[in-house]
Amino acid sequence: MSSQKNSPSSKQLKIKRIFSALLLCILSFPPNFLLALEETLSDQELLRKIQRDSIQYFVDCSDPATGLTRDSTQAGAPSSIAATGFSLAALAIGQKQGWISYQQAYHQILKTLETALNNAQHQNGFFYHFLDPKTGRRVWASEASSIDTALFIAGALLAGEYFKGSPIETLAQQIYERVDWKWMLNQSDLICMGWKPQTGFLPYFWDSYSELIILQALAIGSPTHPIPPSLWNQWNRFEDEYNGTKIVYSHSGSLFTYQYSQAFIDFRELDDRGINYFENSKNATLANKQFCLENSPRFKTYGESSWGLTASLGPGGYKAYGALPGQALHDGTIAPYGSASSVAFTPEESIEAIRFFYENFRDKLYGKYGFKDSFNLDKDWWAQEYLGIDQGIAVLMIENYLGGEVWKRFMQIPAIQQWVNACHLKMKGRENAFPEQTKGSRKIKSRNSPGKTKAEDSSLRPPEQIS
Amino acid sequence: MQSKNRRRHFLIDKPFQFRYMSWVLLILLIISATLIIALHFGIWGYALKEFSDESTRNALKMTSRLNDYEIARYQSASEVTLPKLAFIRETELFSNRQREIIQEILSKTRQRTIFLGIPLLFFIGWGSIFISHKVAGPLYHFNRIFKELKTKNLTARVRLRKYDEGKKTAETFNQAVLELDRSIARMKKAAREAGEHAKLPNELTEELSQFKTTQD
């Protein structure tokens, strides 16, 4: 009998039983607990992870031959010139963070700029909204778009600042100088939204506060075809109160309208006749959160940590979701990029939301390119796609929150300084925000290393010279 | 009024002309077949790919998406657009896209045809040179021999290559020159022999002496 008890087969049986019990224990834990065990990231690590994964979108979804970036991961999606602009900025950031090699980022950005200068279809320098990613030809009968061109130019100029003194800076400047901003006024005091070969100018103008600031800034600061600085005062700054806070609001009330321009322009110190747009965006973001909270009894998606009404995909297609003040179109769809991209305005609230989305819905909402576009718990609807511009804005705003690198570099661009001065935007404690630029200083030159020639400055060397 | 010199019969040398006709037809057949195959497979290859169920579905999705983008951006439109009107706009966008695709297909096919056409042009050029050299070579030889004959050199003969055209003509021509050569040679010999016994006019002897024959 004893020999039977101690036989190898009974020992094996015991071991098997113990393992089975352990396995059952592990499997009985909720998945979230297992995920928590898997990795616990600090706030900064989480933000960097989102940034890094989002940048991968621009590596994978850009055409290897032209560099043009697809609008979304939807099959058959054309390239979007705005997404391509964000791609230039994201690649520069990715390179700086060491996630992409210098060579790879340099060559992809250079290729994209060469395509933009030589092959991408444009009208008076204004690129068509959607282009064939392989050829750069206009597709979907799209319009030569003012705002999308501005976002591209902003991305290109920013990349030029990251690769100072290299052909990237020169090409970006050439593309910028080619744009005839005056033409897009269509003899009015407002910038038109676009132009089509068959029908001419669109009957829509950038007439009120929105993402138009970046467009105005580049148009007024242009060294070749500037629009009169007086036009800065022509667009409306509609103001309304939400929960006792005054906000200069955009028509849709979408978060992205408060973010796009400020992904590039540092408004923290700038004052526009009593309006500080940074503070305004902060207030608009808090209003957006509050609006979601107030509507949380109606929609399961909304909550203390689940907010972010901005233009995104939804169960009924792409919509300019937004909150009050503004049109406030909403149906319970939240875009994580909305709250994430406000991290520079409302760090505490945004990180709380990001962490909530990441820790609770990671399996459905997070993928290889960061957060997928949006979700709606009421309709159990989860976007399966990533949108280039949505991934891009998150990358830039996180970068600004974690060090303000984009702001620092972008504000060094002479055209931006020219716009600040021309529009008399006051910097706290100073009459003129920037010393007056001489005409010659608007041309490309090294500003980071005064007194050094290009050859002496290691940051100006082309990639093959950098070991 | 018909010219007396007008050629009434076009088949002068049947084997020669039929042979040339066969060559030209063969070349044209190759060119046409290549172009037809390229166009057919080019257009249909792209068309089948671009209008597959999957591509059409994706295009329709993008149509709807782009319409949504327009509505989202041009806020005023969202206030007035009814579902049916949105559908009309989507149809318009889709139709635009289909036209772009067709244009793209034709453009790609044109590029492919040009791509194929360039080597074909070289082939035709090379082929015509190859074929015509069989005629051009003999003509050159005839021309050279006529120049020799002009200098009264009766020893010159037309010598053609194995696959040259006009061999029979050359043979007949050489026979004629040979006969003339022999005849002049005989005359020269007769003049020489007669010169010893009778006085011949200087002009005749001088003229005969200018001829170069195979007997000299």
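How many Å apart do the C-alpha centres of domain 1 of chain B and domain 2 of chain B lie? The C-alpha centres of these two domains of chain B are 67 Å apart. The model is a predicted one, and the predictor assigns the complex an ipTM of 0.79 and a pTM of 0.75.

**Chain B: overall make-up**

- The secondary structure of chain B consists of six helices and zero strands.
- Along the sequence, the elements of chain B follow the pattern α-α-α-α-α-α.
- Of the 216 residues in chain B, 12% are buried.
- Among the contacts in chain B with a separation of 6 or more, 64% are between residues 24 or more positions apart.
- The average pLDDT of chain B is 81, and 88% of the residues score at least 70.

**Chain B: its two domains**

- Chain B is divided into domain 1, covering 14-137, and domain 2, covering 151-216.
- Four residues from domain 1 of chain B and four residues from domain 2 of chain B take part in the contact between these domains.
- On the side of domain 1 of chain B that touches domain 2 of chain B, helix α4 (residues 83-150) of chain B gives the most, with three residues.
- That side of domain 1 of chain B has two nonpolar residues, one polar residue and one charged residue.

**The contact between chain A and chain B**

- Chain A contributes 16 residues to the contact, and chain B contributes 17 residues.
- Strand β14 (residues 317-320) of chain A gives the most to the side of chain A that touches chain B, with four residues.
- By class, the side of chain A that touches chain B comprises nine nonpolar, six polar and one charged residues.

**Chain A: strand β14 and its partner**

- Strand β14 of chain A, which gives four residues to the side that touches chain B, is joined to strand β13 (residues 311-314) of chain A by four bridges, and the two strands run antiparallel.
- A hairpin through two residues links β13(A) to β14(A).
- The bridge partner of A:S312 in β14(A) is A:K319.

**Chain A: a three-stranded sheet**

- Strands of a sheet pair through backbone hydrogen bonds, in a parallel or an antiparallel manner.
- In chain A, an open sheet of three strands has the order β5-β7-β8, with antiparallel pairing.
- The edge strands of this sheet are β5 (144-145) and β8 (200-201) of chain A, each of which pairs on one side only.
- Two bridges join β5(A) to strand β7 (residues 194-196) of chain A, and these strands run antiparallel.
- In β7(A), A:G194 is the bridge partner of A:S145.

- A:L365 belongs to helix α13 (residues 347-365) of chain A.
- Is A:L365 buried or partly exposed? A:L365 is partly exposed, because 19 other C-beta atoms lie within 10 Å, whereas a buried residue has 20 or more.
- Leaving aside neighbours within four places in sequence, A:L365 is in contact with A:P336, A:F357, A:F371, A:K372, A:F375 and A:W382.
- One of these contacts, A:F375, is 10 residues from A:L365 along the chain, and the C-alpha atoms of the two residues are separated by 7.5 Å.

Terms used. Residues numbered from 1 in each chain as written. Chains lettered and ligands numbered in written order. Predicted model: local features only at pLDDT ≥ 70, side-chain atom pairs only at ≥ 80, totals over all residues. Domains from an automatic or database assignment. Contact = placed C-beta atoms within 7 Å. Nonpolar A, V, L, I, M, F, W, Y, C, P; charged D, E, K, R; others polar. Pairing = 2+ DSSP bridges. pLDDT = per-residue confidence, 0-100.
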